[in-house]
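I opened the model and kept notes as I went. Each entry records what I looked up and what I found.

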2 protein chains.
Amino acid sequence: MAIINPNYDKLVAGYLFPEINRRVKAFTSANEGVKIYRLGIGNTTEPLRPKVIQGLREGVDKLADVKTYTGYGDEQGDTRLRNAIAKHYASGNVSIDPSEVFVSDGAKSDVANIQSIFDVNNTVAVQDPAYPVYVDTNVIAGRTGHFDQKTNQYTGLIYMPCNEENGFIPNVNDLPAGVGKADLIYLCSPNNPTGAVMNRKSLESFVGYAIEHKSVILFDAAYNWYINDSTLPKSIYEIENAKKCAMEFNSFSKKDGFTGVRLGWTIVPKELVAEDATEGKLNAMWNGRQTRFFNGASNIAQEGGLAALSEQGMLESNVLVDFYMENARIIRNGLRQKGIQTFGGDNAPYIWMKNPNGMDSWKFFDKMLNEANVVTTPGVGFGPEGQGFTRLSAFGHRENVEAAMESIKQKLQI
Amino acid sequence: MAIINPNYDKLVAGYLFPEINRRVKAFTSANEGVKIYRLGIGNTTEPLRPKVIQGLREGVDKLADVKTYTGYGDEQGDTRLRNAIAKHYASGNVSIDPSEVFVSDGAKSDVANIQSIFDVNNTVAVQDPAYPVYVDTNVIAGRTGHFDQKTNQYTGLIYMPCNEENGFIPNVNDLPAGVGKADLIYLCSPNNPTGAVMNRKSLESFVGYAIEHKSVILFDAAYNWYINDSTLPKSIYEIENAKKCAMEFNSFSKKDGFTGVRLGWTIVPKELVAEDATEGKLNAMWNGRQTRFFNGASNIAQEGGLAALSEQGMLESNVLVDFYMENARIIRNGLRQKGIQTFGGDNAPYIWMKNPNGMDSWKFFDKMLNEANVVTTPGVGFGPEGQGFTRLSAFGHRENVEAAMESIKQKLQI
């Protein structure tokens, strides 16, 4: 009698983006011929740049030739790529050993799978709002209770509210100091969905908490490429002692448009410890997990990653990042001209807007879709604190972004 | 106080292949200049064929052009590829709906991750010997007790012995009928490591057991491309009622040399049920798992997969399969000339050989390495019933396979 993992039934509604797709499909089939503008999902739209295309082509060509063909590689990633990633950190004055770098098919997989190496009884803390993957994967693993319809929260999970009052930056004082303290702390900076970036002082406070309580910080740095302000940390390892208490997730997706190529990495420092894990143990455990559950990222994608980290590749990704950041500026300005209050969008590709008249997230989603024909992401989809907010993504063709903003300007009734 | 998943400490020794690598490295550093022949790991060696290279190149080119660029696709796979896979099954008279096809980055990931949708209290049955991933991932999930050094088995796991007496085919009568019956049953046919293929009658007996006990069969068909004998099933769905009780895993790795490209798929039929899951539920759960833990296979790899399933692609993969099967014939004949008893290698790319004089698996591994300089895989690495056996892989360059067999012929002292 095979029985199912009952935790799946705790998951609410369905994942945010399928629900958005459902509503958009319903709208388009009821309004044939109406042009839809998508500022919803954080999906890249611009073609890959020449250097990575060259790398990917070389990757394919190598597989066509018996002299350069490769099959299974190391599950942890090609040594050349692990070295290049370590070198990239070194360029930011962060010392990472290549054996601490684990290449993967993307940051989503890693932030989802990392919880496998921790006990089910750890208490998890997330920002609210947050990328749903942090929450849902821990629900499935059994680290939460049921979803409480009254609070819109899972019981047993610590939510760190990120709102106007704290500038959408989590406050370490929202973590319990005694009973019920946070064991695994997910932080995302620059933040998806709010676009807020944690400064040194804020990150230091979390590192201090983690060291004191032997907690582990799971730091999602996938959007660090969008930081303009040079005083803001791009890696948690810029903070003293962070290697003792933090893993870091990173990705080529938003740097180089690799969302469809699939390539990312995770740093598990040798110095990282937990209550019952001394130095080296967590690094070895993640190695053990990856060698058993994963067979390495695509060799083709890895050749693309090497190109992306080359000098020319870095210059070209800056061009791509600048393009999307100009979109962010256009969206921000357009919303502000409409009298809408916005946050983020200066060091991140997401604009977090406050709905006019405190309108409910899904209601405003429908209003935007019906009136301006613009697809956005309802803030409440990222957590209860997102209620009354909307996320707009700067990933889009310029003409689409401009047309969307024009449509909002002309048609949205507020 | 973050605490670790204690199940990781139950894992023995380290994964089989890292241990082999360790011994080979030790040998080569002690014997500089000695040529090593590798018949160990099942890693493809021949270049990709023209049609898939064309597909992969088109995949890269599409990403270079704003008109054809794609980012995140459906986590379940590109609709065109899901359709092509369903069509492939139809060509074998098996009816699969595209919504039952989940494209992934490879069969290893899927056979490892599938257990996530089942409760931790299910009893797991594996063939012995078996691909270590089935066992290790369930150890990590907590579905076993500790490893018993006396029996060389994990407690709480059902091992179905596959040996000379039963032709290396698992016997359903080795599964308990009452208390402690098997809930999740891993079957691999053609088998890795023994090369044995289950016939219709044998598969029917397992389907019968699963239907009777509401068990779920996890059927690994990654090597079905190597079946020559047309009476042997290539898919478990050729068996009546299998859609009610079985998932199937498949891969482009050994069909097209995609080991480094990373592409596979899993079939979760809508009809599939479990004790507490009615029709459609398990399909929806795997969909839920994949949308939260995975972001789709590489768009480039998927273009390659489409090419691989085209008419021309199928013809070209037959050439590749035939090449490796000729290697298998050479290995089998070479070993037999040496008076060694072999199994498999006729409908599978693996030859399972009985060590001379009942020699211990690791001892014979060292003997082969030291005397003939050939790397093999010790049978015991796949489970206790593998003790006294050795796996040889037919994946290799022809000249390497021939030289290895010549070396065995001349230097192996038996």
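**Entry 1: the domains of chain A**

How many Å separate the centres of domain 1 of chain A and domain 2 of chain A? I get 25 Å, taken over C-alpha atoms. I note here that this is a predicted model. Domain 1 of chain A is made of 12-47 + 313-411, and domain 2 covers 54-310.

Next I looked at the contact of these domains. Domain 1 of chain A gives 31 residues to the contact, and domain 2 of chain A gives 38 residues. On the side of domain 1 that touches domain 2, I find three elements of chain A with at least two residues each: helix H10 (311-337), strand E11 (342-344) and strand E12 (350-354). H10(A) supplies the largest share of that side, six residues. I sorted the residues of this side of domain 1 of chain A into 15 nonpolar, twelve polar and four charged.

**Entry 2: helix H10 of chain A**

I checked the length of H10(A). It has 27 residues, so at 1.5 Å a residue it should span 39 Å. The end C-alpha atoms of H10(A) are 39 Å apart, which agrees.

Which residues in H10(A) are buried? I list Gly313(A), Glu316(A), Ser317(A), Leu320(A), Tyr324(A), Asn327(A), Ala328(A), Ile331(A), Arg332(A), Gly334(A) and Leu335(A). Glu316(A) and Arg332(A) are among them, and I marked both for a second look. After H10(A) comes Gly339(A), with a positive phi near 80 degrees.

**Entry 3: H10 against H12 in chain B**

I moved to chain B. There, helix H10 (residues 311-337) packs with helix H12 (residues 398-411) at an angle of about 5 degrees, and the axes are 10 Å apart. That angle makes H10(B) roughly parallel to H12(B); the cut-off is under 35 degrees.

I wrote down who meets whom. H10(B) brings Asn327(B), Ile330(B), Ile331(B), Gly334(B) and Gln337(B). H12(B) brings Arg398(B), Val401(B), Glu402(B), Met405(B), Ile408(B) and Lys409(B). The residues of this contact come out as five nonpolar, three polar and three charged.

**Entry 4: chain A against chain B**

How many residues does the contact take from chain A and from chain B? I count 70 residues from chain A and 70 residues from chain B. On the side of chain A, the elements giving two or more residues are helix H2 (50-64), helix H4 (107-113), helix H5 (132-141), helix H8 (281-293) and helix H9 (299-308). H2(A) gives the largest share of that side, six residues. The side of chain A that touches chain B divides into 33 nonpolar, 24 polar and 13 charged residues.

I looked for cis peptide bonds. One joins Asp128(A) and Pro129(A), with omega about 5 degrees. Pro129(A) sits in the loop between strand E3 (124-128) and H5 of chain A. In chain B, a cis peptide bond joins Asp128(B) and Pro129(B), with omega about 5 degrees. Pro129(B) is in the loop between strand E3 (124-128) and helix H5 (132-141) of chain B.

I then looked for positive phi in residues other than glycine. Phe168(A) has phi near 65 degrees. Its place is the loop between strand E6 (158-161) and strand E7 (184-188) of chain A. Asn357(A) has phi near 55 degrees and lies in the loop between E12 and helix H11 (361-372) of chain A.

Is Phe168(A) buried or exposed? With 23 other C-beta atoms within 10 Å, Phe168(A) is buried. Asn357(A) has 8 other C-beta atoms within 10 Å, so I logged Asn357(A) as exposed.

Terms used:
Residues are numbered from 1 along each chain as its sequence is written. Chains are lettered from A and ligands numbered from 1 in the order in which they are written. This is a predicted model: local features need pLDDT of at least 70, side-chain atom pairs count only at pLDDT 80 or more; totals for chains, interfaces and linings use all residues. Axes are lines fitted to C-alpha atoms, for helices over the stretch in contact, and angles run from 0 to 180 degrees between N-to-C directions. Helices (H or I, at least four residues) and strands (E, at least two) are DSSP runs, numbered from the N terminus. Angles under 35 degrees count as roughly parallel, over 145 as roughly antiparallel, 65 to 115 as roughly perpendicular and the rest as oblique. Two residues are in contact if their C-beta atoms, placed from the backbone, lie within 7 Å. Ala, Val, Leu, Ile, Met, Phe, Trp, Tyr, Cys and Pro count as nonpolar, Asp, Glu, Lys and Arg as charged, and the others, Gly among them, as polar. Domain bounds come from an automatic or database domain assignment. The expected span of a helix is 1.5 Å times one less than its number of residues. A residue is buried if 20 or more other C-beta atoms lie within 10 Å of its own, exposed if 12 or fewer, and partly exposed in between; C-beta atoms are placed from the backbone.
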